[in-house]
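Student: Before we start, could you walk me through how the terms are applied to this model?

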Amino acid sequence: MEKLRIPGPTPCPDEVLQAMSKQMINHRGAEFGQMLNRVTENLKQLLQTKNDVFLLTSSGTGGLEAAVVNCLSPGDKVLSVSIGVFGDRFGSIAEQFGADVIPLTFEWGTAADPDAVRKALQDEAEIKAVLVTHNETSTGVTNDLATLSSVIKEFDKLLLVDAISSLGSINLPVDEWHCDVTVTGSQKGWMAPPGLAMVSVSQEAWQAHAGAKMPHFYWDFTRARSYLERGQTPWTPAITTVFAMYTSLEMMMKEGLPNIIARHARVGKTAREGIKSLGLSLFANEACASNTVTAVSASDGLDPNKLRKILREEHEVVLGGGQQKLDGKIFRIGHLGMVTEEDIEVVISALKVALPKAGFRT
Ligand SMILES: Cc1ncc(COP(=O)(O)O)c(C=O)c1O
């Protein structure tokens, strides 16, 4: 069987696959309402939040757009903190809807510097919101969101967080870290297929929403809230993905959030140690290396795309490539969701055989 080790979509457990084979139900009926309420309650626990949580039928990017358009107005100044492809995307969404985006970018492979964020906020008093990626999937870096948040909240700014590849895998206590909107996606650490973005919305975000003038119809948080009160979503939801999330969340609750976070930490360490043992180097600065995705630099003659082809064809191991300017420069191992240290050892063993065939000279 193919070993899918890209940073999402991630493999689904058998129980989740079985849940998805169920017949459709009425999305305006009691059965769906009970399921939606249970999913929402479990999500709140795993997000460590008392804030509202909504399921949006979309991929993660739709959730990022929802965060922007529900909280901001054209012309609002927004600080876009970016450490890679997805940070840039978050800023582009805000720009597309007319925000006055101030980019604050950091070298790819490094984390955002809280002092630089403080300086940017000192320099521009009019900034209304700050966009931050918790875990930058394109470079395998996790930002120090706790510290970034405390800086951002010194200035009382709205904090919108792309936590698509971290929530449910890496610790992110949404309330303790004062995240106003956090966004994640079902196909990442949640062990479910693509189809749902999940967002949390704080009181401060609701206040911002009350005055937000960016156009929104499908993504309207007010509508999402009023329908959730009736156990529904405003629009036809991805029912099959809700079946999947219902089951995967029950599994996650059983494993327990601290155990899940600890497992991802062990798996991340196994990936990093394994990569180094092969003579390869991590693309990310190890101090901020992610526990859900490991980006590996191609050096010493290695062609990473040839490597991925060999791994897929000869070992049934599927890894991610580099995105944008990192295409041909790195490869990425996804280790989020249903993954153990043994799964990563299989990847490392396959790499050991495939690396010389892909040009790597130790
Ligand atoms: C950090 C991050 N942000 C945004 C996205 C985009 O999510 P989607 O492809 O589900 O729209 C991804 C997906 O890889 C991601 O990892």
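Tutor: Two strands pair if DSSP finds at least two bridges between them. Strands (E, at least two residues) and helices (H or I, at least four) are DSSP runs, numbered from the N terminus. This is a predicted model, where local features need pLDDT of at least 70, side-chain atom pairs count only at pLDDT 80 or more, and totals for chains, interfaces and linings use all residues. Residues are numbered from 1 along each chain as its sequence is written, and side-chain values use heavy atoms, without hydrogens and water.

Student: What makes E1 and E13 (residues 317-321) a pair?

Tutor: E1 and E13 share 3 bridges, in the parallel sense. The rule asks for at least two, so they pair. Lys3 stands opposite Val317 in E13.

Student: Why are E1 (3-5) and E11 (281-282) at the edges?

Tutor: The open sheet has 5 strands in the order E1-E13-E14-E12-E11, with mixed pairing. E1 and E11 each have a single partner strand, so one side of each lacks a neighbour in the sheet.

Student: Why are H2 and H9 called oblique?

Tutor: H2 (residues 30-47) and H9 (residues 239-255) pack at about 45°, with axes 9 Å apart. Axes are lines fitted to C-alpha atoms, for helices over the stretch in contact, and angles run from 0 to 180 degrees between N-to-C directions. Under 35 degrees is roughly parallel, over 145 roughly antiparallel, 65 to 115 roughly perpendicular, and the rest oblique. H2 and H9 are therefore oblique.

Student: Which residues of H2 and H9 meet?

Tutor: Contact means heavy atoms within 4.5 Å. Among them are Phe32 and Leu46 in H2, and Ile239 and Met253 in H9.
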